[in-house]
Amino acid sequence: MKEIFEWERMLLNELPGIFLFEVVFRSAVMFILLLLVLRVAGKRGVKQLSIFETVIVISLGSAAGDPMFYEDVGLFPAITVFLTVILLYRLVTWLTGKYKKFEKFIEGETVCLIDEGMFSVTQFKKESLAQDEFFSELRLKSVEHLGQVRKAYLESSGEVSIFYYEDDEVKPGLPILPEPFNKKDKTIKEKGLHSCSFCGNTTEQKPGIAVCYTCGREEWVPSIKTIRIA
């Protein structure tokens, strides 16, 4: 029968002291793995915290939780995990301050997704943000069509920053409300302004089939030109 307050069991769980070196190795491997996985997962995986901060929270949370209620997890290994994570945190912070490329990899960078009422196609393809997801972000900020938006940026935090046209500068654009957008079609039925459903390129079109000269897609939506109501 085990005794309570058995110090050898509480502190090292009857493991040899050299096991702490294995804990350092495990902590470093998991820290790097979490950092890489969340970085690859994209900005939408974490919206309030940066990827780096999320790794710290996960690492410290796991280290703190297990020794609280598992008697076979010693306190010293958990403390070693804390110290290792903190040292890695200081190292990564130092590297981000010293090397711009490393900072860009860890924190990401601000990306322009809408430029003058159109999607920046090359940048949008690089991000994990789906078009319908992005439309949802815009609708939450009372955007009805892309012609109301001068610039939209995906920040490194995952937030979307929007800069609007003045009311007298609003131009025809791609509707992003579900009802008009879902009427997109390859066949243009009436002459008038139409917007490419993929990139937002807005041009005068004749009835028939047309190919967008910006992105090469063929689906179009009748453009609208309404003033934004905040």
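**Figure 1. Buried residues of helix α7.** In α7, the residues Phe134, Phe135, Glu137 and Leu138 are buried, where buried means under 20% relative accessible area, exposed over 50% and partly exposed in between, with a 1.4 Å probe and protein chains only. Viewed down the axis of α7, the buried residues fall within an arc of 155°, so they line one face of the helix. The arc is that of the directions from the helix axis to the C-beta atoms. Helices (H or I, at least four residues) and strands (E, at least two) are DSSP runs, numbered from the N terminus. The model is predicted: local features need pLDDT of at least 70, side-chain atom pairs count only at pLDDT 80 or more, and totals for chains, interfaces and linings use all residues. Residues are numbered from 1 along each chain as its sequence is written, and side-chain values use heavy atoms, with hydrogens and water left out.

**Figure 2. Aromatic pairs.** Five aromatic pairs are found in a search of the whole structure. Rings of Phe, Tyr and Trp (its six-membered ring) pair if their centres lie within 6.5 Å; planes under 30 degrees apart count as stacked, over 60 as edge-to-face and the rest as tilted. The ring centres of Trp94 and Tyr99 are 6.5 Å apart with the planes at 85°, so this pair is edge-to-face. Trp94 is partly exposed at 49% relative accessibility, and Tyr99 is partly exposed at 43%. Phe119 and Phe135 form a stacked pair, 5.9 Å centre to centre with 25° between the planes. Phe119 belongs to strand β2 (residues 118-119) and Phe135 to helix α7 (residues 131-139), so the pair ties together parts 16 residues apart in sequence. Both Phe119 and Phe135 are buried. One aromatic cluster is formed by Phe119, Phe134, Phe135 and Phe181.

**Figure 3. Arginine charges over aromatic rings.** A charge sits over a ring if NZ of Lys or CZ of Arg is within 6 Å of the ring centre and within 35 degrees of the ring normal. The charged end of Arg217 sits over the ring of Phe198, 3.9 Å from the ring centre. Arg228 lies over the face of Tyr164, at 3.7 Å from the ring centre. Phe198 and Val121 are 77 residues apart along the chain, and their C-alpha atoms are separated by 8.5 Å. Val121 is in helix α6 (residues 121-126) and is buried at 15% relative accessibility.

**Figure 4. Loop residues.** Glu116, in the loop between β1 (111-115) and β2, has a positive phi of about 55° although it is not a glycine. Glu116 is partly exposed at 35% relative accessibility. Ser142, in the loop between α7 and β3, also has a positive phi, near 65°, and is partly exposed at 31%. Glu159 lies in the loop between β3 (149-154) and β4 (160-164) and is partly exposed at 29%. Glu159 and Glu137 are 22 residues apart in sequence, with 9.0 Å from C-alpha to C-alpha.

**Figure 5. The largest pocket.** The largest pocket has a volume of about 510 Å³. On a 1 Å grid over the protein atoms alone, a pocket is an open set of points where a 1.4 Å probe fits, with protein on both sides within 12 Å along at least five of seven lines; lining residues have an atom within 4 Å of a point. Grid points are joined across faces, edges and corners, and the volume is the space filled by probe spheres set on the points. The lining has 22 residues, of which Val23, Ser27, Ala63, Asp66 and Val81 lie nearest the pocket centre. Two or more lining residues come from each of α2 (19-41), α3 (51-69) and α4 (75-98), and α2 gives the most, with seven.
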